[in-house]
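Colleague: I would like to learn how to read a few features from a set of coordinates. Could we take them one at a time?

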Amino acid sequence: MGEEVVKDPGHLLDPERTPLFLEGKPLSYRKHHHLLLHKPAGYVTSRSEAEGPSVFRLLPEPYRGKVEPVGRLDKDTEGLLLFTSDGALLHRLTHPRYKVEKVYYARLKVRPGT
């Protein structure tokens, strides 16, 4: 099998069947799944449904056993959740050592202190 230099960004290939090189060094290919879900209130960010329906029932069937949530939201909280099958990414985003800043926005029905 000979080498071919490809400069067309639209060139399609199967990275699982075709070895890839960049500047003469082999590139590894790992297939991961990343999903975003707007979690409605009333769902738990857990696989267990002991405390209520699980967010996993909201995911498309093929991904339910392949991804994990990056963080959690309380049962009565709604908001955006990231799910990934990439354990290294999940660890990097959630472990305190990496100090990934998180920003939360809250909408209140009444003013604080009233």
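**Reading the sheet, the core and one histidine**

Modeller: Pro 69 stands opposite Phe 83, which belongs to S5. Keep in mind that this is a predicted model.

Colleague: Which strands make up the open sheet, and in what order?

Modeller: The general idea comes before the case. Strands of a sheet pair through backbone hydrogen bonds, in a parallel or an antiparallel sense. Here the open sheet has three strands in the order S3-S5-S4, and the pairing is antiparallel. S3 and strand S4 (68-69) are the edge strands, each pairing on one side only. Between S4 and S5 the antiparallel pairing runs over two bridges.

Colleague: What does helix H1 touch in the sheet?

Modeller: Helix H1, residues 87-94, packs on the sheet and touches S3, S4 and S5. The direction of H1 makes about 135 degrees with that of S5.

Colleague: What does Phe 83 touch, leaving out residues up to four places away in sequence?

Modeller: Its contacts include the core residues Leu 35, Leu 37, Val 55, Phe 56, Leu 59 and Val 67. Phe 83 also touches His 33, His 34, Glu 68 and Pro 69.

Colleague: How many aromatic pairs are there?

Modeller: A pair of aromatic rings is described by the distance of the centres and the angle of the planes. The count comes to one aromatic pair. Phe 56 and Phe 83 form this edge-to-face pair, with 5.6 Å centre to centre and 80 degrees between the planes. The pair links distant parts of the chain, 27 residues apart: Phe 56 is in the loop between S3 and S4, and Phe 83 is in strand S5. Both Phe 56 and Phe 83 are buried.

Colleague: Is His 34 buried, partly exposed or exposed?

Modeller: His 34, in strand S3, has a relative accessible area of 45%. Buried means under 20% and exposed over 50%, so His 34 is partly exposed.

Definitions and conventions:
Residues numbered from 1 in each chain as written. Predicted model: local features only at pLDDT ≥ 70, side-chain atom pairs only at ≥ 80, totals over all residues. Heavy atoms only, no water. Core = buried A, V, L, I, M, F, W, Y, C linked by side-chain atoms within 4.5 Å. Buried < 20%, exposed > 50% of the residue type's maximum accessible area, 1.4 Å probe, protein only. Contact = heavy atoms within 4.5 Å. Pairing = 2+ DSSP bridges. Helix = DSSP H or I, 4+ residues; strand = E, 2+ residues; numbered from the N terminus. Axes fitted to C-alpha atoms, helices over the stretch in contact; angles between N-to-C directions. Phe/Tyr/Trp six-rings, centres within 6.5 Å; stacked < 30°, edge-to-face > 60°.
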